[in-house]
Amino acid sequence: MAVETVNTLVIGAGQAGIATSAHLAQRGVPHLVLERARIAERWRSERWESLVANGPAWHDRFPGQEFEGLDPDAFAGKEQVAAYFEAFAAKINAPVRCGVEVVALHRTAAGFRAETRDGVIEAAQVVVATGPFQKPLIPDMVPARAGLMQLHSSAYKAPGQLPAGAVLVVGAGSSGAQIAEELQRSGRQVFLSVGPHDRPPRRYRGQDFVWWLGKLGKWDAKAKEPGTEHVTIAVSGAYGGQTMDFRRLAAQGVVLLGRANGFADGAVTVNGDLAQNIARGDANYLSVLDEADAYAAAHGLSLPEEPSARVFAPLPGCVTQPRLSLDLAAEGVTSIVWATGYALDYGWIKIDAFDAQGRPLHREGVAQVPGLYFVGLPWLSCRGSAFIWGAWRDAERLAAHIAARVPAHA
Ligand SMILES: Cc1cc2nc3c(=O)[nH]c(=O)nc-3n(C[C@H](O)[C@H](O)[C@H](O)COP(=O)(O)OP(=O)(O)OC[C@H]3O[C@@H](n4cnc5c(N)ncnc54)[C@H](O)[C@@H]3O)c2cc1C
């Protein structure tokens, strides 16, 4: 089999791989990017059709490259995001080879050996940019004999894909909450299982949430606050950008349920934690307003006050008298969308570079194994790391690290 040699190999051509290529090129590091499908494939085929970016176009982008023809305050559609990365890669002439999957990565005396179906590539450095959300997770809860259509949020495309009938959406982070709302607006009866979540305001005092995160220094936070490790975040750019408000969803007809915990006698059972989860989300929302007010006062910002942002509608009946189970047949539920997150899947990396849970051992993306790097992972160096501009920043730092090694291997 042919063996090709390259100084640095980048695996994956999503935003993190493209950003890495840009920074390596800027430092004159010879490299190749391998992508098993197409540039930004996950934005193309693993997101629902109506998805728009969670942040406005002025924010969710690479610095120095705007979304052409898009109002900076608008939220780019997923196809626009994919086209943006494709255009950027073309502009910088990124050396991306599409349709080539790395099926195994080994360590060698001189560096690394990547096996693909097209041949072997040897490299002194490897940057793994295969995504923060690799393997869809569906809990082993509702058996196939229940006879429903069950799919993960990464396979959900549009309401018409589901059989006629009511839908249970499990998980109320950004994906689950948005999918539930889309299904409800399409005329479906929707049940939404809501676990612990944060739900920051979309805008406050005239500024977007992402602007406030920047002002409050939260994008640069190094780690999640203790106790929030398993808390999901519900934000949305859909319908022009709205705060994810579960009272509003309930008023529109979505039936809220606590966290799903099992299946018995044709019913999905749920925890009695719904009111607590809603209260926790409210507290998070209010804490952002408090911090924003304190910042505005301390810095003398003349932003319009917004007391109405603190007024909540009464809790809906589904929260005050929560159900503890959902009889699927009796409620006409014919499908379940599991918006239950993702796991890492690095089984193809045959290198001792992971902890017992399969997480890479690294310091801000620099692996313990010399010459190996990870980019694009949540909290790689800070809160922003899995977001478009955050991956750009991490890639810049990692490219500098690689450039410093290059003379030794050139
Ligand atoms: C529903 C959803 C909405 C999101 N919305 C936003 C948002 O609005 N704004 C934002 O900043 N972030 C958002 N994110 C987070 C993040 O930006 C995306 O997940 C983004 O796709 C991550 O980019 P990436 O380059 O790190 O990884 P990916 O986009 O996952 O790219 C990895 C690439 O590697 C390829 N690949 C994988 N394995 C191999 C292999 N073995 N060999 C070769 N190629 C391989 C894949 O085909 C893929 O193209 C969202 C995430 C989700 C799930």
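Which residues are the closest to the ligand, and how many residues surround the ligand? In this predicted model, the ligand is surrounded by 33 residues, and the closest are G12, G14, G131, G376 and F387. Sorted by class, the shell around the ligand consists of 16 nonpolar, 10 polar and seven charged residues. Several elements each supply at least two residues of this shell: the helices α1 (15-26), α2 (41-45) and α9 (388-409), and the strand β2 (31-35).

The protein is divided into two parts, domain 1 (3-134 + 344-403) and domain 2 (138-338). The centres of the two domains, taken over C-alpha atoms, are separated by 29 Å. In the contact between them, 15 residues come from domain 1 and 21 residues from domain 2. On the side of domain 1 that touches domain 2, seven residues are nonpolar, five are polar and three are charged.

On one side, β10 pairs with strand β9 (residues 166-170) in the parallel sense, over four bridges. In this pair, F191 in β10 stands opposite L168. β10 also pairs with β15, again in the parallel sense, here over three bridges, and S193 stands opposite L257 in β15.

Which residues of β10 point one way, and which the other way? V190 and L192 point one way, whereas F191 and S193 point the other way. In a regular strand, side chains alternate between the two faces of the sheet. All four of these residues of β10, V190, F191, L192 and S193, are buried.

A further open sheet has three strands in the order β16-β17-β18, and here the pairing is antiparallel. The edge strands, each pairing on one side only, are β16 (260-264) and β18 (325-327). The twist in this sheet averages 20° from one strand to the next. Strand β17 (residues 267-270) pairs with β18 in the antiparallel sense over three bridges, and T269 stands opposite S325 in β18.

Key. Residues are numbered from 1 along each chain as its sequence is written. This is a predicted model: local features need pLDDT of at least 70, side-chain atom pairs count only at pLDDT 80 or more; totals for chains, interfaces and linings use all residues. Domain bounds come from an automatic or database domain assignment. Two residues are in contact if their C-beta atoms, placed from the backbone, lie within 7 Å. Ala, Val, Leu, Ile, Met, Phe, Trp, Tyr, Cys and Pro count as nonpolar, Asp, Glu, Lys and Arg as charged, and the others, Gly among them, as polar. Two strands pair if DSSP finds at least two bridges between them. Axes are lines fitted to C-alpha atoms, for helices over the stretch in contact, and angles run from 0 to 180 degrees between N-to-C directions. A residue is near a molecule or strand if its C-beta atom, placed from the backbone, lies within 6 Å of it. A residue is buried if 20 or more other C-beta atoms lie within 10 Å of its own, exposed if 12 or fewer, and partly exposed in between; C-beta atoms are placed from the backbone.
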